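Let's take a friendly walk through this protein, with the model open beside the text. Headings mark the stops along the way.

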Amino acid sequence: MPYPPHRRVAATAALLLSLPFAATATAARPAAPPAKWHSYMPGEVMGASSFVKANPTWDGRCVVVAILDTGVDPRASGLTKTSTGVVKVIEARDFSGQGDVALAPARMEAPGQLRNEHGELRGLETLKEHPADGRWLLGAFGEAQIGHIALRDVNHDGKSNGKLAVLVWRVGVGESGLRVAMDLNGDGSIAGEQVVKPYHVGQQLMVPKARAPAKDVAMLSFAAEVAPSEHSVVLHFTDGSHGTHVAGIICGHTTFGQQGWQGVAPGAQVLSLKIG
């Protein structure tokens with residue numbers, strides 16, 4: 001059965017990615033390709049750009065693409081919104097084990113301070129929402145879990161073997177009632193840190209501060225999913241660029257703010273399924 005019209009573009013993307021390099025390299029080229037930034041995304045060569053221009057609503061909208069790779073960065077330019085303005089990366093899950101964080105119940109040592117076998121954490125009094133059942137779960141994410149050594153120093157203390165507290169608690173029923181926070185600056189306090197819901201619920205990210213905010217962009221961002229037992233949290237982060245690169249080819253939209261710099265299906269959404 002042929003694909004419905006609005007799905008053909010995404011199918012084309014999947015096919016192109018499966019072709020050997022020699023097959024794509026020998027495709028017909030324009031006589032005089034423009035020396036512009038968008039020549040690096042040759043949508044005209046493969047017919048994708050002209051197809052979407054002729055059929056504006058057949059750009060991958062209503063299509064979700066699962067990318068099994070190193071993970072897709074939801075903050076990457078071109079991968080924040082689709083052509084219709086909705087969130088591009090709607091799921092961010094890690095099946096590699098790299099982002100696993102074990103949790104255990106924590107006891108209140110002093111007002112606003114927790115402790116268990118994974119460590120201790122202060123600053124609870126600054127949180128706007130507290131657990132209805134009084135139960136806090138505390139774990140620790142090791143910077144050494146990050147594969148790319150240049151990204152390991154999350155808290156900018158000059159070391160790459162630190163332990164950053166991860167806190168999980170429940171303020172309501174269901175998955176939307178779960179909350180996650182992480183001591184990204186490594187000061188032993190949760191004060192001032194971002195509080196997020198599981199990523200698939202609110203598409204929220206925990207983002208470390210940049211070393212020099214005026215110049216640098218924080219390269220890592222953490223999405224969180226809490227295991228059904230609530231005894232572990234899985235952090236999705238991208239310390240390899242390949243999955244993001246693939247997502248941009250398939251469905252990037254207005255990359256680096258340049259109108260027309262698109263992937264094959266700029267209207268499609270993404271499931272980032274990290275497997276390596």
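## Aromatic pairs and a cluster

Rings of Phe, Tyr and Trp (for Trp, its six-membered ring) pair if their centres lie within 6.5 Å; planes under 30 degrees apart count as stacked, over 60 as edge-to-face and the rest as tilted. This is a predicted model, where local features need pLDDT of at least 70 and side-chain atom pairs count only at pLDDT 80 or more, while totals for chains, interfaces and linings use all residues. Residues are numbered from 1 along each chain as its sequence is written, and side-chain values use heavy atoms, with hydrogens and water left out.

A search of the whole structure turns up 6 aromatic pairs. One of them joins Trp 136 and Trp 169, whose ring centres are 5.5 Å apart with planes at 45°, so the pair is tilted. Trp 136 sits in strand β8 (residues 136–142) and Trp 169 in strand β9 (residues 163–170), so to speak two distant parts of the chain, 33 residues apart. Helices (H or I, at least four residues) and strands (E, at least two) are DSSP runs, numbered from the N terminus. Both Trp 136 and Trp 169 are buried, where buried means under 20% relative accessible area, exposed over 50%, and partly exposed in between (1.4 Å probe, protein chains only).

Which cluster does Phe 141 form with Phe 222 and Phe 237? The three make up one aromatic cluster. Within it, Phe 141 and Phe 222 are an edge-to-face pair, 5.6 Å centre to centre with 75° between the planes. Phe 141 lies in strand β8 and Phe 222 in the loop between α5 (199–202) and β12 (223–226), so this pair ties together parts that are 81 residues apart in sequence. Phe 141 and Phe 222 are buried.

Two strands pair if DSSP finds at least two bridges between them. Strand β13 (residues 232–236) pairs with strand β3 (residues 100–102) in the antiparallel sense over 3 bridges, and Ser 232 in β13 is the bridge partner of Ala 102.

Strand β13 also pairs with β12, again antiparallel, over 4 bridges. Here Glu 225 stands opposite Val 234 in β13. The hairpin of β12 and β13 has 5 residues between the strands, and Glu 230 takes a positive phi near 65° there.

## Positive phi in two loops

His 156 is not a glycine, yet has a positive phi of about 55°. His 156 is found in the loop between β8 and β9 and is partly exposed, with a relative accessible area of 33%.

Phe 256 likewise has a positive phi of about 55° without being a glycine. Its place is the loop between α6 (242–251) and β14 (269–274), and at a relative accessible area of 59% Phe 256 is exposed.

## Cysteines and the whole chain

How many disulfides does a search of the whole structure find? The search finds 0 disulfides, a disulfide being a pair of cysteine sulfur atoms within 2.5 Å. Cys 62 counts as exposed at 65% relative accessibility, whereas Cys 251 counts as buried at 0%.

The protein chain has 6 helices and 14 strands. Buried residues make up 43% of its 276 residues.
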